[in-house]
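Subject: Structure handover

Hello,

Here is the structure you were waiting for. My notes on it follow below.

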Amino acid sequence: MEKFLNGLEYEILKDVVKEEEYTGIEYDSRKIKAGNIFVALEGAVSDGHNYIEQAVKNGAKCILVSKKIEAVFPVKYIWIKDLRRKLGVLASNFYNWPQKKLKIIGITGTNGKTTTTYLIESILGSDKTARIGTVEYKIGDEIIEAPNTTPESLDIVKMCKKSVEKGMEYLVMEVSSHALALGRVDMLEFDVSMFTNLTLDHLDFHKTMEDYFQAKRKLFTMMKKGCEKNCVINIDDLYGKRLSSEFGGISYGMHNEGRVRGKILEFHGDGQEVEINIDNFSTKIKLAILGRYNVYNVLGALSIALLLVIERDIILDKIKELKGAPGRYELVNCGQDFTVIVDYSHTGDALENILKSINELKKGKIITVFGCGGDRDRTKRPIMAKAAENLSDIVILTSDNPRTESPEQIFADVKAGFAKTDDYFFEPDREKAIKLAINMAEKNDIILITGKGHETYHIIGTKKWHFDDKEIARREIVRRKMVENVN
């Protein structure tokens, strides 16, 4: 029996006389090289079984299938029960379980996952911490494009292997509810797990908030032996309270509960002064990142570092230098006399949180540019409109990755959330919407451009076009300044 089949239910549909030495595993036929195993996965959009011929032409010597098909080509065919969900175990068997040589930190929740992974990497050291998440996958000095927040299980195992080869000690990763529900991380055991919060999102997939919560909860049942209490949980969140009462660990928050607590003392243009309490210890510290929600992110990262037995004073020194993730409360500064912020906020709660933070710094007007993605949870659209309307002086509704959904339907869903029919500008062209915001801004105003953050594309239909909110904003600021200088 092939060792990669250990623990799997399978049937050999076609064998070959010659024993093969397999060189790797791929589920993308375009990446197949001589001697590879091709995994024919059935997906929502395409079926890998349709690409078996291409895989064989490229050199595949073994085909793994999830349905019992006719074995046409002169290579080995193996049917594996529940192939997609078992892919992580299969890959781990093949690559000798590299994840067991890493300390794995998993972060789940609706908002805050990405920033927290960056904060943890900064505390632990980028020279020994691999990172997997929404913006990118990073292993040492290698950056890999991130098509999903949490990649396919095969890709995770390969990245664990590469992390070990590059001398990484830690892997910090965002663990999405989709990945937990679909089994993409079933082959992992976590040294530390963290829960940030749970707000309305992804109900197109999970159907109910309880289903969504149960998917997140699964992370805390996947701890390494001896690490069952290594949980970090936001106790200010109602779902966090449920997890904390069940799993224990370190609780954090900004109210009176929690072992690790934070309190904002004062806002500055370039940061905020915060009081941090760890059990009976208290200290004041200046953070270089703004926003109440970023205090939560810092408290969570600090708690994880404590569980990893890093000295408290070292952690606090690192926290002073922390910077946020790309596209999260990111300033676009070209010397203008108003503020432009680009942020990834794409849920009602995330948009409300950043707008509340901006209101605490407000000196002029707040101008919010936002839209809602197509082929995604429709229930959050009116909630985002309400948050934008209530917490902004001017709202500009625009497009944000309509994908294959009708833009008219998206805009109708969003507009249903506005209390007043004339309380916003409507500019479906996102580039023009950003230009409108830049040109209407006055001294001390704050423009918030939300939805894309780090993304550098716009998806219309099934095509992806280059589009970068920061790039457009910089260009329009410079263009405005040139016109003003001429006049």
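Is Arg 30 buried or exposed? Arg 30 is exposed, with a relative accessible area of 71%. Here buried means under 20% relative accessible area, exposed over 50% and partly exposed in between, using a 1.4 Å probe and protein chains only.

Before the rest, two remarks on the source. This is a predicted model, in which local features need pLDDT of at least 70 and side-chain atom pairs count only at pLDDT 80 or more, while totals for chains, interfaces and linings use all residues. Residues are numbered from 1 along each chain as its sequence is written, and side-chain values use heavy atoms, with hydrogens and water left out.

Salt bridges

A salt bridge is a side-chain nitrogen of Lys or Arg within 4 Å of a carboxyl oxygen of Asp or Glu. The count by this rule is 41.

- Arg 30 pairs with Asp 28, with the closest N and O atoms 3.0 Å apart. Asp 28 counts as buried at 15% relative accessibility.
- Glu 2 pairs with Lys 76, where the closest N and O atoms are 3.3 Å apart.
- Asp 445 and Lys 365 meet through their side chains at 2.8 Å, N to O. Asp 445 is in the loop between helix H14 (430–440) and strand E22 (446–450), and Lys 365 is in the loop between helix H11 (348–359) and strand E19 (366–370), so the pair ties together parts that are 80 residues apart in sequence. Asp 445 is buried at 2% relative accessible area, whereas Lys 365 is partly exposed at 25%.

Helices (H or I, at least four residues) and strands (E, at least two) are DSSP runs, numbered from the N terminus.

A buried charge without a salt bridge

Glu 389 is in helix H12 (residues 381–391). Glu 389 is buried but has no salt bridge, and the nearest side chain of opposite charge, Lys 420, is 6.5 Å away. For charge, Lys and Arg count as positive and Asp and Glu as negative; His and the chain ends are not counted. A polar atom of the Glu 389 side chain lies 2.7 Å from the backbone nitrogen of Ala 419.

Strands

Two strands pair if DSSP finds at least two bridges between them. An open sheet of five strands has the order E1-E5-E4-E3-E2, with mixed pairing. E1 and strand E2 (24–26) stand at the edges with a single partner strand each, so one side of each has no neighbour in the sheet. Four bridges join E1 to E5, and the two run antiparallel. Ile 12 stands opposite Ile 78 in E5.

Strand E15 (residues 271–278) is mostly covered, with six of its eight residues buried. E15 runs antiparallel to strand E14 (residues 260–268), to which eight bridges join it. The bridge partner of Arg 261 in E15 is Asn 277. Seven bridges join E15 to strand E16 (residues 281–287), again antiparallel, and Val 274 stands opposite Ile 285 in E16. The hairpin of E15 and E16 has two residues between the strands, and Asp 279 takes a positive phi near 55 degrees there.

Regards

Key. Polar contact = N/O pair within 3.5 Å; in protein donor to acceptor, adjacent residues only side chain to side chain.
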